[in-house]
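Here's a quick tour of one protein model, from the overall picture down to a few individual residues. Have a look at it first, then read on.

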Amino acid sequence: MKITRESLAQYYDKYNGNPTNKAVQNAIAKVGINKSSVDNNMTRRHNFVFSHETEKGDITNQKSSGRCWMFAALNTARVDTMEKLNVKTFEFSQNYTLFWDKLEKSNYFLDSMIETVDEPLNSRLVQHLLKDPVQDGGQWDMFSGILAKYGAVPKSAMPETYHSANTRELNQLLTAKLRDFAAKIRKSHKEGKQKEELIDQKEDYLYFVYALLVKTLGEVPESFTYEYRDKDEQFHRISDITPQEFFQKYVAWDLEERISLINAPTEDKPFGKAYTVKYLGTIKEAQPIRYVNAPVEALKKAAVKSIKDGEPVWFGCDVGKMLDREAGIMDDKAYDYKATLGEPVELTKAQRLDYGESLLTHAMVFVGVDLDDEGNPVKWKVENSWGDKNGDKGVYSMTDKWFDEYNYQVAVKRKYIDDKWLNALQEPVVELEPWDPMGALAMVQ
């Protein structure tokens, strides 16, 4: 049914019959919807004081890149490094892991193109793979694979470059070349080349990617020397150590002991089962990504146990929802849209996932929690990677209700998770489609 002049006249009369609408209209015109809708009591709920906290380093800054998952993972890992080195703060090279992520993702994409050469070009799968072959984002298990294969290095061993901090141009060019290579692979297949020949062809393409990454991100160190002063101003030199040795000695994580829990309360994902996402990965030979879906209370319980034990918690969320970035506050009541617009968005968490209104967009680190007298979370202390200009010098505060609504994933040690959820890992893993929202964090630009 079309919009009629009579309908428009009714809308006009109804709108102008409410004098509040004009006042709201004027406010929004000056400062925008969110500032006009902000709940002025919000800052009273966030004093940035927390009953339980972990150690953390200085605030980091991912700048104009989508490397949040890397920053969050390395910021989690560095707490153990700080203890082992006896230093006040420490920062890993995010450029080092970015280099390997780009190269491995390119290989993963080209292998996927070879695997799907018999699929129609216009199939949903092929078009999905071509849409974002090598963006900045990723999942916890994808980064775990990078650490296991390549280790990690201090920031001084591979500093930032223009393109590590500003990835858009690099991503655009690399994406264009990967699509070019995909077209050549499919053309070669039509001309009769076998998959073994296509794999040989792929090696030439990977050299181009490698050379491009060296030119834009710099050469990766095979070994390095690290010099530093500890908390007691004592000088130390770690000589001729490889990235793998540095990670094993100065982080010393058992990566297989760290498990991802997700909270996706949709009908297609029953709790108590393990899930993966098809065609989502970085290291081709690594184990596929794997999450256990559980009620949000299970995620919070595991996170609280970890924080109480002094262990920061990597997590993935939809950061743009109900966020006051300048204040550094994530609060489900941050904006009173009912007061300004007449009614709020009333979708449930499951509906937001099902109807495309929410997905994982950002990874950060829980470095504290504020528990009430009964031991229940009230708010969460968050280490972000957007620099120190917002929040409490880069630290953000999250209400527990915001966690319920917009947090989707935590990665913690196995010992902090109840057996009833760990048992899912003993059963067959359910494969989700490549475009499932639980894989969205890997598509962050």
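## Ground rules

This is a predicted model, where local features need pLDDT of at least 70, side-chain atom pairs count only at pLDDT 80 or more, and totals for chains, interfaces and linings use all residues. Residues are numbered from 1 along each chain as its sequence is written, and side-chain values use heavy atoms, with hydrogens and water left out.

## The whole protein

The secondary structure comes to 16 helices and 14 strands, both being DSSP runs numbered from the N terminus (helices: H or I, at least four residues; strands: E, at least two). The radius of gyration of the protein is 24 Å, close to the 22 Å from the globule rule for 445 residues, so the protein is as compact as a globular protein of that length. That radius is taken over C-alpha atoms, and the rule is 2.2 Å times the number of residues to the power 0.38. Along its principal axes, the C-alpha trace spans about 70 × 65 × 45 Å.

Buried residues make up 54% of the 445 (buried is under 20% relative accessible area, exposed over 50%, partly exposed in between, with a 1.4 Å probe and protein chains only). Take the contacts (heavy atoms within 4.5 Å) between residues at least 6 apart in sequence: 78% of them join residues at least 24 apart.

## Two buried residues

Ser-260 belongs to strand S4 (residues 258–262) and counts as buried because its relative accessibility is 2%. Its side chain makes a polar contact with the side chain of Gln-409 (3.2 Å); such a contact is a pair of N or O atoms within 3.5 Å, where within protein one must be able to donate a hydrogen and the other to accept it, and residues adjacent in sequence count only if both atoms are side-chain atoms. Leaving aside neighbours within four places in sequence, Ser-260 also touches others, including Trp-140, Arg-290 and Val-410.

Leu-174, in helix H9 (residues 168–190), is buried too, at 0% relative accessibility. Ser-106 is 68 residues away along the chain, yet the two C-alpha atoms are separated by 8.7 Å. Not counting residues up to four places away, Leu-174 touches Lys-102, Ser-106, Val-134, Val-209 and Leu-212.

Most residues other than glycine have a negative phi. Back to Phe-48: its phi is positive, about 60°, although it is not a glycine.

Asp-240, in strand S3 (residues 235–241), has a positive phi of about 50°, and it isn't a glycine either. Asp-240 counts as exposed, at 58% relative accessibility.
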